[in-house]
Amino acid sequence: MKFGTKAIHAGLEPDPATGAIMTPIYQTSTYVQAAPGDHKGYEYSRTQNPTRHALEQNLAALENGNYGLCFGSGMAAIDTLLKMLLPGDEVISTNDLYGGSYRLFTKVFAQYGIKFHFVAMSDLANIEAKVNDKTRLLWVETPTNPMMNIIDIAGAAAIAKKHNILLAVDNTFATPYLQTPLDLGADIVMHSVTKYLGGHSDVVMGALVVKDEALAQKLYFLQNSCGAVPGPQDSFLVLRGIKTLHIRIQRHCENGRKVAEYLKTNPKVDKVYWPGFPEHPNHDVAKKQMRDFGGMVSFTLKTNTIAAANEVLTRTHLFSLAESLGGVESLIGHPATMTHASIPKEEREKTGVVDSLIRLSVGIEDVEDLIADLEKALS
Ligand SMILES: *Cc1c(COP(=O)(O)O)cnc(C)c1O
């Protein structure tokens, strides 16, 4: 089955009781048993729920995996996965990681004796240099936020295989429509479902997808033991969102490209960060592992000050100033004072997060209107 067909059909059966074509919202905590242990596959909704199950099956199919697990947020998915590690274990991750992941690693799991290394993973040699006999996990995020760096997933997988380390990829920015890390040798794919998969800025949810059965069993055990599961209503909303994932992402990509190209021509704009440009330092890797380049675009201003950035951020109308990304509506954000505010100025500037850096989540509105909105804000 091809992607669009899977998005609409994979894991979904008409409701056996009524024939309802849409998966019902099974708003129930428990399930009647005919005799102790004699049930229809569902005992208690922390362990499993039919609406959530349909979504988990659908996500597994989209990522070309065998097992999907949903969580109450992206952070809950990462939290559960990290509980596979033990004190003394080490993790290697990227130095421009999503801020929430960085906080969970350094402020929560570091307290339990797990050690984290952060390196510029776009250069695979930097990963190899940190591997030792305690390394258990490579945590990759690509494209990265907000600098749009690209990490070679197949290259990272080769390092992971060689040293018998797990490779997890945060696939939130690309979505399985653009990139399927399990096909490139990753063991685990993670999503903030909140973003493109949900797609309508109305749900917070996370997910993990794996191929390997033994790994899936460990994660199911942790999912059920720790209990950070999403409810059936949210699962229904995401199933509904995913039905249009392929056409939404196509439009996000088309609009992202046109906005990136427009920004390059604007005299107020200094640099534009978008992996589709041939001069992007990791463009070749992006072309190799992604089917298109997505709708996330960052740029800086020639006047590199917070005040200049604020002029733009407060003068757009269609681009709403907000955290998050991946919804149908366009958003604009200021990493230096929003997502990356907790990182000292010298530290964030080392990775390119300068005062005038602006990040766009380009939505699926008519692109002429989006460009006009930016033109007005920049003039
Ligand atoms: C938003 C986000 C997360 C965290 O997900 P939540 O659903 O907000 O908990 C993790 N990684 C990336 C890349 C994100 O954008």
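User: Which residues of helix 10 are buried?

Analyst: This is a predicted model, where local features need pLDDT of at least 70, side-chain atom pairs count only at pLDDT 80 or more, and totals for chains, interfaces and linings use all residues. Residues are numbered from 1 along each chain as its sequence is written, and side-chain values use heavy atoms, leaving out hydrogens and water. Buried means under 20% relative accessible area, exposed over 50%, partly exposed in between (1.4 Å probe, protein chains only). In helix 10 the buried residues are L245, H246, R248, I249, H252, C253, N255, G256, V259, A260, Y262 and L263.

User: What length does helix 10 reach from its first C-alpha to its last?

Analyst: Helix 10 covers residues 245–265, so helices being DSSP runs of H or I with at least four residues, it has 21 residues. The expected span is 1.5 Å times one less than the number of residues. For helix 10 that expectation is 30 Å, and the span is close to it, at 30 Å.

User: Is N145 buried or exposed?

Analyst: N145 sits in the loop between strand 4 and helix 6 (153–163); strands are DSSP runs of E, at least two residues, and elements are numbered from the N terminus. Its relative accessibility is 2%. N145 therefore counts as buried.

User: Which residues does N145 touch?

Analyst: Contact means heavy atoms within 4.5 Å. Residues up to four places away in sequence are not counted. N145 then touches D96, Y98, F173, H340 and R359.

User: How many Å apart are N145 and V297 in space?

Analyst: Along the sequence, N145 and V297 are 152 residues apart. From C-alpha to C-alpha, the separation is 9.7 Å.

User: Which residues is V131 in contact with?

Analyst: V131 lies in the loop between helix 5 (124–130) and strand 4 (135–141). V131 is buried, with a relative accessible area of 16%. Leaving aside neighbours within four places in sequence, the contacts of V131 are I92, I159, H163 and I165.

User: What separates the C-alpha atoms of V131 and T303?

Analyst: V131 and T303 are 172 residues apart along the chain. Their C-alpha atoms are separated by 41 Å.

User: Why is the protein chain as compact as a globular protein of that length?

Analyst: The chain has 14 helices and 12 strands. The globule rule is 2.2 Å times the number of residues to the power 0.38, and the radius of gyration is taken over C-alpha atoms. For 379 residues the rule gives 21 Å, and the chain is as compact as that because its radius of gyration is close to it, at 21 Å.
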